[in-house]
Amino acid sequence: MWRFTLKRLLNIILTLFFLSIFIFFLVRVTPGTPEMVILLNRGGEIGGEEVVDIKTELGHDTSLYNQYVNWSKRMIRFDFGVSYQSNLPVLDELLSRVSDTLILVILSLAISIILSVIISFYACIYKGTMREKWIGNISIFLSSLPNYLIGLLLVLFFSIHWKVTPVYGDGTWLHYILPVITASLPLCASFVQLFRQIITEVIKNLYFEAARAMGLKKRVLYTKFLFLPCIHSFLTVIASHFGSLWGTIIVIETIYAWPGLGSYIIHAVTARDYPVVIGFTLIMALFLMLIYFLIDLLLRYIDPRQTQKDGQIKW
Amino acid sequence: MVRRIACFFPIICLGFLVFTIIMGILFTPYDPYEVNTQEELTPPSSEHWFGTDHLGRDVLTRIVFGASYTLLFPAIVLLLSSLLGVVIGLISTIGRKVDLLTTAIMDSFSSIPSFLVAIIFAGLLGPGMVSTLFAILVSWWVHYARIVRNTSMIIRNQPFILSAQLSGTFGVKLIRKHIFPNALPIVRELIFLDMGTIILMISSLSFLGLGAQPPIPDWGGMILDGKSYIQIAPWVALIPSVFITIFVMLFYFMGRRVQ
Amino acid sequence: MDEAILDVDHLSIRLDDQLIVNNLSFHICRNEFFCLVGETGCGKTITSRAIMGLLERKMDVHGTILLDNDSNNLIELTEKEWRKIRGKKIGFIYQQPSLALHPMLTIGNQMLGILKNEKVIKRKEAREEVHQQLLEMNFSNPEVIASAYPWQLSGGMNQRIMIGMSLLRKPRLLIADEPTTGLDTINQQIVIRQLIKFQEKYKMSILLITHDLRLVNQIADTVAVMKNGEIIEVAPLSTIKNNPQQYYTKKLWNMMPDAWNIMMREESYAIRSK
């Protein structure tokens, strides 16, 4: 267990190192250097002297190696510099917006997990009936719907036609309804598809039939012999969708003008606000990797077989 | 018999749609780029089947002309990124140290979800189709590289590889002759399954204003244009998104068939 | 050998248009070791699943199965009624014990679950009972076994645990579906001896499904021979052995390694003496 933890933490550090090198050089290779962007934001003319001034100010006049060392030293202290647009520290800017987005992410994730687990177990219990077929078809349909279509349709009907919910912004609980539905509908549908496969696999296992042959109570049978073996695969699926959910959230935030991280990042990206983009990337990578790591630890705790599977691929 | 027809249904649909798109390009009376201020946001009629957008351009014509941007472009991007992924995945099977390096790189790329990578990349390179191409390329090759690497590892541990090694096949030749052909079918399946996802991703990027820039009649961009007029002219945004959905679903079903 | 504990009458099972089991009739008496013998794919396992009510819904089952003088036909029971019979009145042992045990729970945990299913019992007492049962299954170190996972143990051990588990609820009838297939000879003997021991102890009947004729020769009271979904002969072991009515039975019996060896030896002697 400790070895695994240490290995994964080392892996995270190594990954961040690679990522930082990649981003550092990408910013320098791409057309439009940081100095230009700053000058454009300040509204000054792009003259020779000002560029040199900013270069010394940013420390960009030394060698690339020195620049990287200095830059990465600051990155380790979570000092991502100041935003070109607002001249405020990047970390503060990001942190002030993160709560709005996190609420959206957690709400939609929780709703879609609960709903999809219930629906997929329901479908598996009624296997071979029309209900199961319809659940399958609807989930395929919903999971291939693009988020913006769902979002636009919801806005069209609920906000414009029926005037039930506000069109955009945030504040009251009414504002949460449409974004959360938009995010969780396709997510829930794809969960249902994958979960149903997982449950059918578990039902096929001999130990489930053996448990039935033992005459175990319904509650014990379904919780210990059906749900417990599913949890491992469920969590893996959820973890793999957790990352892409953030992409979905960005689209949703732009649709509903949600004042969260997503719309801020899109804004920063279009304005070429390099410190914000870099800070966001590194923090996001660290955050997601830590989440994956925690899920892996949890899986190990739940499923004792996992420790055995480690050495499967060998040289 | 019914099942057999159902099997070809997505392919037939796809063929029909591609055919109509080509016919549309040949026979449309309108220009997808020409601004017509007299016919702004007219609702669907016999003259303009899908109405016109805020600049008075025929939506149907723009959809027909935008098809190549929304369908052909993702296919090219997907092929390129799968090629990159396969090459890197195969390189990682050469040796232990190379494998460690490549897996570390793969990990660092897959630590951020691909759509975020695409957004960040498009942001760093500036919006446009070229940056979309690079963005998807950078974010999507990891999937292929990882799958190719894992399957080749499994193949590598199979007895026939040992017998090939015993009969004197090593290095690049071993990979080319024995590992690559066995890993190929999985990649082929994956390409079909991923096509819909890539279309969705690219259109989402355009919807965020990071993809193809106006006046290119890219469907995602059309949705972005129409979003502002959703209250008075919903067709401008809805029709392209419905088209995207149809194509994504067709590709999805085709992917399932191939599987 | 008086009362029948299980009475199968005109049992037919069909899947789509294919008749898998055709008009099967036999009865198992109290305290009897009943062997169902036949080649692979003749419908033995399907029959055993039908008796347990574990067949899939698409299988079409006809006939009557009566248990223990109860007037209920087992085939018509609902899942809820089944739950009272499975495990409690009929125990079941699988061919692949390592797959039939839950891989994520320890052995002790699974056995505790079965005990708790039966009655309200304190954790400590239940644990004591589990250890007792493991000791009876000839495990010298029940604590270690109870805290192990099935995938850490060997197939023979798992089979013994499986038997101990099904005996926790003291069923009247134990169905063993090829319990010794895949085990080595020594483990086979251990498992079989335990089956015999518990049959004596709990006065239960055992329905042994097997194709291993040495085993049948060793323990069976009554033997039923199945072929292509039909029972072609039911008789006490001695009759089957010495005076088979059917040609197939005779042929099958001659397939037994020892018998076959003796037969071949006699044949070669005969050739030599010429």
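User: Quick one to start: what share of the 259 residues in chain B is buried?
Analyst: Buried residues account for 51% of them. Keep in mind that this is a predicted model.

User: And how much surface does chain B have, and what share is carbon and sulfur?
Analyst: Its accessible surface is about 12000 Å². Carbon and sulfur atoms supply 70% of that.

User: How many helices and strands are in chain B?
Analyst: Nine helices and zero strands. The C-alpha trace of chain B spans about 75 × 50 × 25 Å along its principal axes.

User: OK, helix 2 and helix 8 of chain B: at what angle do they pack?
Analyst: Helix 2 (residues 59–91) and helix 8 (residues 219–227) of chain B pack at about 135 degrees, and their axes are 8 Å apart. Because of that angle, helix 2 of chain B counts as oblique to helix 8 of chain B.

User: Which residues meet there?
Analyst: From helix 2 of chain B you have Val59(B), Arg62(B), Ile63(B), Gly66(B), Ala67(B), Thr70(B) and Leu71(B). Across from them, helix 8 of chain B brings Trp219(B), Met222(B) and Asp225(B). By type, the residues of this contact split into six nonpolar, two polar and two charged.

User: Switching topic. Which chains share the most contacts?
Analyst: Chains A and B do, out of two pairs of chains in contact. Chain B and chain C don't touch, and their nearest C-alpha atoms are 19 Å apart.

User: So what's the strand order in the chain C sheet?
Analyst: The sheet in chain C is open, with six strands in the order 5-6-7-3-8-9 and mixed pairing. Strand 5 (90–93) and strand 9 of chain C each have a single partner strand, so one side of each lacks a neighbour in the sheet. From one strand to the next, the twist averages 15 degrees.

User: Which helix packs on strand 3, strand 8 and strand 9 of chain C?
Analyst: That's helix 11 (residues 247–254) of chain C, whose direction makes about 105 degrees with that of strand 8 of chain C. Helix 7 (residues 155–167) of chain C lies across strand 5 and strand 6 (173–177) of chain C, at about 170 degrees to strand 5 of chain C.

User: Back to strand 8 and strand 9 of chain C: in which sense do they pair?
Analyst: Antiparallel, over six bridges. Met226(C) sits opposite Ile231(C), and Thr222(C) is opposite Pro236(C).

Notes: Residues are numbered from 1 along each chain as its sequence is written. Chains are lettered from A and ligands numbered from 1 in the order in which they are written. This is a predicted model: local features need pLDDT of at least 70, side-chain atom pairs count only at pLDDT 80 or more; totals for chains, interfaces and linings use all residues. Side-chain values use heavy atoms; hydrogens and water are left out. Axes are lines fitted to C-alpha atoms, for helices over the stretch in contact, and angles run from 0 to 180 degrees between N-to-C directions. Helices (H or I, at least four residues) and strands (E, at least two) are DSSP runs, numbered from the N terminus. Angles under 35 degrees count as roughly parallel, over 145 as roughly antiparallel, 65 to 115 as roughly perpendicular and the rest as oblique. Contact means heavy atoms within 4.5 Å. Ala, Val, Leu, Ile, Met, Phe, Trp, Tyr, Cys and Pro count as nonpolar, Asp, Glu, Lys and Arg as charged, and the others, Gly among them, as polar. Two strands pair if DSSP finds at least two bridges between them. Buried means under 20% relative accessible area, exposed over 50%, partly exposed in between (1.4 Å probe, protein chains only). Accessible areas come from the Shrake-Rupley method with a 1.4 Å probe; for residues, only the protein chains shown count as cover.
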